[in-house]
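Student: Could we go through this model together, one element at a time? I have the sequence and the structure open.
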Amino acid sequence: MAALIEMRGVERTYVMGDNLVHALCGVDLTIEAGSSIAIMGTSGSGKSTMMNIMGCLDQPTRGSYLLNGKDVARLTRTQLADVRGRMIGFVFQSFNLLSRTSALENVEMPLMYQGIPGRERHRRALGALAAVNLADRADHHSSQLSGGQQQRVAIARALVGEAPIIMADEPTGNLDSKTSFEVMAILQGLVRQGKTVILVTHEADIAAYASRVVTLRDGLIIDDKAQTPVKAEVAA
Amino acid sequence: MNIFTTLKLALRALWRNKVRTLLTMAGIVFGIGAVIAMVSGGQGAQQAVKDVFQSLGTNVLILTNGSQRSFGAAGGAGSRQSLTWDDLKALQTGEITTIKWIAPTLQTRTQVASEEANWNTQVVGTTAIWFQIRNWAAVQGTVFDDDTGNSNAKVAVIGHTVATQLYGTSNPVGQTIRIAGQPYEVIGVLASKGQGPMGDYDDTLVIPVKTYEQKLSKGLAKYINGQVLISMVTDDSAERTMSSISGLLRDRHKLDASDEDDFRIRNPAEFAQAQQDSTQRIATLLAIVAAVSLFVGGIGVMNIMLVSVIERTREIGIRMAVGAKPIDVMTQFLVESLVLAVLGGMLGLALGAGAAKYMAGYFGWKFFFPATTAAIAFLVAGGVGVVFGLYPAIRASRLDPITALRYET
């Protein structure tokens, strides 16, 4: 079986003023479906660029990126949006929920862009909220939810489109340790259900929840090792 | 994305900024409102002018006495007595071939009474042909025949309002009416012409002109103390007829070439045309003002949509991250400005129609709802929304999702 993600010689350069910035300088990375992987690195290491490219928000300057066997390195903006919608669910550090919008509608949003009719959207969004134990908060607006609850809504939003990949960019960065633990438990649960979870973090204790840790420095992979993940189990 | 979903999103976004939405719509509201009020009012005014013209009868000239001049100060039209009954006869000989009918018209307001009630109305003294010139028939009884019209019989044909005021629902024909104290027999009731800009057409009654002179004036006189209605054979003979009449009368009045006319001939059709022309000019000016207002309104829409795009940069980023295509984002903002403009157009329509209705009531016009103009105005409002919303929408759709996601509000 082909790997879910296969990057070959990926480079990304930016023009900043008169300077050429090399954010990624030739990265090779293969990720199998159903695994959990943490991308680590300090600020400026290129891990954000890596995530943007993996998440189809950005494209490599050079190199190839096969997502589910399909080269996405040279797609148009519209095609990329389509790939994002079908393949990738994002979870951000700052939750990125729409304000003054109910949890349910936030979760429904990705389905709108897939042209799924209202009743079906509603049903699936409720299902996704139930999966993160927030079915009873469906009508609450983001501002009425705690940070942990907001992040769970964001996870539901990432799940609802049935994307095989969940990209979590510092998912616990704005949470206290107890809620961080809850969020990581949910993410680990998703891996058990067969999702591929990619964590982008600079915290080692968050990376510990993944079964593989890739470390970047100055746009290159300097370390790539498998590990036994720490189990985040919510006390009953 | 589904169009209803897009519409719902747009309405919600506009609802969230109610005050801003209303203020942005104002330009469009007044633009469209002005168009509707202007077109409706213009139609009302034109119709009113037409009604006056039509109530006089078509192809009619009005001949009146000239103005009295004493030491250079001119009196009003008719202040000088110059037209004689012999002049009238001379015009009736058929010498001027374009003249069809001629009717002297004397009028005054006086008190009239039945057994039960009394009323103050306009009394007209004229001949039988007057009813043909005015194109006015009786609905009960008859109007004068030629003999009655030229006699001094004490008979009257009454207008609908007078009939109602004096006789209520009973048939007035054959009953006695007292005009300035004298008894007359009612021989007919005129068909209702309704309200006109000059007042109630039906508030009038008609008696033979000789009777009028004997009972309501100082007796049979040499001069015509009123006006003469002249109807012409064809529409286009007004100029010729007027100069023929003028020539004939100047001759009879022995006026030198240097003397001014001692009579006046007016052509109501010309007056009506002039009125319509000026109404048309004002309408055109207003249309320009309305267009400018719509344009300014459109700029307002564009301005607020640009602000909205910037304010919602983060939202755009989120939507793009979860799979919104550039066209989805563009559609969302375009539909929003379209809805904004169309709502403005609807409010403008209501406002314009309201203003037109008020104007119509105030000036005594008929109220017209200009359906075609309303439809066009509506489309124009929508067009303004699309045209001025396009640039902000394109800007939104071109945002880079990464930058947009990082945008701090």
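Student: How do strand S1 of chain A and S2(A) pair, and over how many bridges?
Tutor: In this predicted model, strand S1 (residues 5-16) of chain A pairs with S2(A) in the antiparallel sense, over ten bridges. Within that pairing, Val15(A) stands opposite Leu20(A) of S2(A).
Student: In which order do the four strands of the open sheet in chain A lie?
Tutor: The order is S2-S1-S4-S5 (chain A), with antiparallel pairing. Strand S2 (19-31) and strand S5 (70-71) of chain A are the edge strands, each pairing on one side only.
Student: Are the faces of S7(B) covered or uncovered?
Tutor: Both faces of strand S7 (residues 155-158) of chain B are covered. Val155(B) and Val157(B) are buried on one side, and Ala156(B) and Ile158(B) are buried on the other.
Student: New topic: why is Ile36(B) classed as buried?
Tutor: Ile36(B) is buried because 26 other C-beta atoms lie within 10 Å, and the cut-off is 20 or more. This residue belongs to helix H2 (residues 18-56) of chain B.
Student: What is Ile36(B) in contact with, sequence neighbours aside?
Tutor: Beyond its neighbours within four places in sequence, its contacts include Gly348(B), Leu349(B), Pro370(B) and Ala377(B).

Methods:
Residues are numbered from 1 along each chain as its sequence is written. Chains are lettered from A and ligands numbered from 1 in the order in which they are written. This is a predicted model: local features need pLDDT of at least 70, side-chain atom pairs count only at pLDDT 80 or more; totals for chains, interfaces and linings use all residues. Two strands pair if DSSP finds at least two bridges between them. Helices (H or I, at least four residues) and strands (E, at least two) are DSSP runs, numbered from the N terminus. A residue is buried if 20 or more other C-beta atoms lie within 10 Å of its own, exposed if 12 or fewer, and partly exposed in between; C-beta atoms are placed from the backbone. Two residues are in contact if their C-beta atoms, placed from the backbone, lie within 7 Å.
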